[in-house]
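The stops below each begin with something to select.

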Amino acid sequence: MDNHKQIPAFIYTYACRMDEREICHMEMRSLFGTETKTNILKTDIKVDPSRSPFIKERIDVIFEGDDLSEILEQVQSIELHESTFKVNFVKINDLDKSEKIEYKDRRKIERELGLRINGEFDFYQPDYEYGIVTKAGRWYFGNYRKSESVWFHHQKKPREYSTALSTRVARAVANIAVPNPDGVQAIDPCCGIGTVLVEALSMGINIVGRDINPHIIDGINENIAYFGLEGDVACGPISEVSEDYDVAIIDMPYNLFTHTSPENQLSILKHARRIASKVVVISIETIDQLIEDTGFEITDRCIAKKGLFSRQILVCE
């Protein structure tokens, strides 16, 4: 059934708060090389929707048409025999408010599609789950996958810092740093209590952690183990790192244990450039000049807000 389209197409829907829009779009650019202002994106790039804290669902397109009647005709070729299925009308789309499809009409469309599919309908535990959505004046139907809020389960850690990144921001940062984990080696050399490490490891990213503060190494390892993950965490400054990495994530230290001067920040950035060709920097202050002084170029950026607290996230290459 998945062989109907020569070029694979995937449709993702998004949801984020106003104060998350910048980092949501930055993550989108990193994962897909483009962004959308309408909370629905069509691309030929396949990503697990549960990777992003902002993706709601993914449709792997099987059929498309100029109107719903074309889809209704095409789905009649689906032969599931005794297998069960369910159809979801995707609520997020780019229709004008005047063209909004109300709840009862969405349920009607689901039923009409269901009647044309050769199989057994099961609302609760179907063998196959399909989605129907409209975008840019066309209709799309395909295999449906809902995002699981993996990051949500990581919010309560055994050890925490009040200044640590939120799990949503940490997960987005890991995606911005490593959009495709295949063959990529990453390091978080100022990993704090391990918020980014937990998110990255949970997505299968090959990443090691490091922190200069010996008092929190046990806490980092406890956090990682608490979620059933395995990670390599060392104690020591970034200056002692001798291996090369594809990417480094630098959350500039700013807590009770480590007061960082501009000189220390410059030293961290210089060592980051020494060990990695790409660096994602998180800072509570503007450090553009320091980054330029190391020879990096800032290729993307955004502001991530947490209440009144703002962080700059910079991609440097």
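Are R171 and E199 buried or exposed? Both R171 and E199 are buried, where buried means under 20% relative accessible area, exposed means over 50%, and partly exposed lies in between (1.4 Å probe, protein chains only).

Before going further, note that this is a predicted model, in which local features need pLDDT of at least 70 and side-chain atom pairs count only at pLDDT 80 or more, while totals for chains, interfaces and linings use all residues. Residues are numbered from 1 along each chain as its sequence is written, and side-chain values use heavy atoms, with hydrogens and water left out.

**Stop 1: R171 and E199**

Select R171 and E199 and show their side chains. The two form a salt bridge, with the closest N and O atoms 2.8 Å apart. R171 sits in helix α4 and E199 in helix α5 (residues 195-202), so the pair links distant parts of the chain, 28 residues apart. A salt bridge here is a side-chain nitrogen of Lys or Arg within 4 Å of a carboxyl oxygen of Asp or Glu. The structure holds 16 of them. Helices (H or I, at least four residues) and strands (E, at least two) are DSSP runs, numbered from the N terminus.

**Stop 2: a network**

Next, select R17, D19, E20 and R168, which are linked in a network of salt bridges. Look at R168 and E20, whose side chains meet at 2.6 Å, N to O. R168 lies in helix α4 (residues 167-177) and E20 in the loop between β1 (10-14) and α1 (21-32), so this pair ties together parts that are 148 residues apart in sequence. R168 is buried at 14% relative accessibility, and E20 is buried at 5%.

Now move to D19 and R17, where the closest N and O atoms of the salt bridge are 3.3 Å apart. D19 is partly exposed, at 29%, and R17 is also partly exposed, at 47%.

**Stop 3: helix α6**

Select residues 217-226, which make up helix α6. Its buried residues are I217, G219, I220, N223 and I224.

What covers the buried residues of α6? The cover includes α5, β9 (206-211) and β10 (232-235), with contact meaning heavy atoms within 4.5 Å.
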